[in-house]
Amino acid sequence: MFLGTHAPRLDEKGRLFLPAKYRDDLAGGVVITKGQERCLYVFPHDEFGRITEALRAAPVTAKAVRDYSRVFFASASDETPDKTGRITVPPGLREYAGLQRDCIVIGANTRLEIWDAQAWETYLAAQEDSFSEAAEEVLPGIL
């Protein structure tokens, strides 16, 4: 499970440090791909495999499945962290997420997400009020 908020910087070569507490779990490699709201998803290989299987089982006759799969897999990149825990974020993915220098990496349960720092602040500010209102809808009877 990935938790927390981290603020690494993207270097001039497009490399980013993964949060130190997850480096051992991610040392075998990750898959980076486009996420919703112009962020990037970072999946451990096992989790990416689980998603791949779910999409493989989805009906290819459904246009939404085809469209989502095309973008999701076409933008995916296998990356292996270097010995210091850095990954290279490919140029196309950096452009998609608007990553310049200041980034935010958040834990999002089964994945990490990489956001441009300003985009994250804007998103978070817009979500604060609806977060408390959504608890019953998202987790009925639990919170």
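**Close-up views of the sheet and its cores**

View 1. H6 stands opposite V105 in β7. This is a predicted model, in which local features need pLDDT of at least 70, side-chain atom pairs count only at pLDDT 80 or more, and totals for chains, interfaces and linings use all residues. Residues are numbered from 1 along each chain as its sequence is written, and side-chain values use heavy atoms, with hydrogens and water left out. β1 and strand β7 (residues 103-107) run antiparallel and are joined by two bridges. Strands are DSSP runs of E of at least two residues, and helices are runs of H or I of at least four, numbered from the N terminus; two strands pair if DSSP finds at least two bridges between them.

**View 2. The open sheet.** Six strands with antiparallel pairing form an open sheet in the order β1-β7-β8-β4-β3-β5. β1 (5-6) and β5 (77-79) are the edge strands, each pairing on one side only. Helix α2 (residues 45-57) packs on the sheet and touches β3, β4 and β5; the direction of α2 makes about 105° with that of β4. Axes are lines fitted to C-alpha atoms, for helices over the stretch in contact (heavy atoms within 4.5 Å), and angles run from 0 to 180 degrees between N-to-C directions.

View 3. Five of the five residues of β4 (residues 40-44) are buried, so the strand is largely enclosed by the rest of the structure. Buried means under 20% relative accessible area, exposed over 50%, and partly exposed in between (1.4 Å probe, protein chains only). L40, V42 and P44 point one way from β4, and Y41 and F43 the other way. In a regular strand the side chains alternate between the two faces of the sheet. Five bridges join β4 to the antiparallel strand β3 (residues 30-34), where V30 stands opposite P44. The β3-β4 hairpin has five residues between its strands, and E37 in the turn has a positive phi of about 60°. Three bridges join β4 to the antiparallel strand β8 (residues 112-116), in which I114 is the bridge partner of L40.

**View 4. The largest nonpolar core.** This core has 20 residues, and those with the most contacts inside it are L40, V89, L99, L112 and I114. A nonpolar core is a set of buried Ala, Val, Leu, Ile, Met, Phe, Trp, Tyr and Cys residues joined through side-chain atoms within 4.5 Å. β3, β4, α4 (91-97), β7 and β8 each supply at least two of its residues. Its largest share, three residues, comes from α4.
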